[in-house]
Amino acid sequence: MELPSTKPYLLRAIWEWCCDNGFTPYIAVQVDGRTRVPREFISDGQIVLNIGPDASNKLHIGNDFIEFQARFGGVARQISVPVQQVSAIYSRENGAGMAFEIDAEPAEGEAGEAEPVSDGTDGDAPPEPPRPEPGRPKLQRIK
């Protein structure tokens, strides 16, 4: 019988340590086919996500997936990250945290390819969403 992984327990512990000490917990994720994140923010097959209480909603760090809602460019998105694809969790303020090795076996898709968050429509390949404009968000009233 194979022992269960300690990784999800360590992730939860370091997340709690960061929050208890007023730090902002970030995770670095190697994107694969099961990782549901906004594609426009992936760089070199990786994405760094703020999972602090102020940046995430309905955060659940389970034994298999980290799931939460977050805003990207003012748009709420549902995020789902396989725990085995998390390469590090650390504090933004001082870098304290822990790094993990990623298994070399790609699951459903090739490493570096992510499925965008589903918008409920079927199609071959969804178009890549535009990058948000830099600067302060703006609200426009339409009559």
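The model is predicted, with local features needing pLDDT of at least 70 and side-chain atom pairs pLDDT 80 or more, while totals for chains, interfaces and linings use all residues. Residues are numbered from 1 along each chain as its sequence is written, and side-chain values use heavy atoms, leaving out hydrogens and water.

**Ser56**

- You'll find Ser56 in strand β3, residues 56-61 (strands are DSSP E runs of at least two residues, helices H or I runs of at least four, numbered from the N terminus).
- Ser56 counts as buried because its relative accessibility is 13% (buried is under 20% relative accessible area, exposed over 50%, partly exposed in between, with a 1.4 Å probe and protein chains only).
- Its side chain reaches two backbone oxygens: that of Gly52 at 2.8 Å and that of Ile51 at 3.5 Å.
- Setting aside neighbours within four places in sequence, Ser56 contacts Ile51, Phe68 and Gln69 (contact means heavy atoms within 4.5 Å).

**The four-stranded sheet**

- Four strands make an open sheet in the order β2-β1-β6-β7, with antiparallel pairing (two strands pair if DSSP finds at least two bridges between them).
- At the edges sit β2 (46-50) and β7 (97-99), each pairing on one side only.
- Neighbouring strands here are turned by 15° against each other on average, direction ignored (axes are lines fitted to C-alpha atoms, for helices over the stretch in contact, and angles run from 0 to 180 degrees between N-to-C directions).
- Strand β6 (residues 86-91) runs antiparallel to β7, joined by three bridges, and Ala88 stands opposite Ala99 in β7.

**The helix on the sheet**

- Helix α1 (residues 7-20) packs on this sheet, touching β1 (25-30), β6 and β7.
- The direction of α1 makes about 20° with that of β6.

Terms used. Polar contact = N/O pair within 3.5 Å; in protein donor to acceptor, adjacent residues only side chain to side chain.
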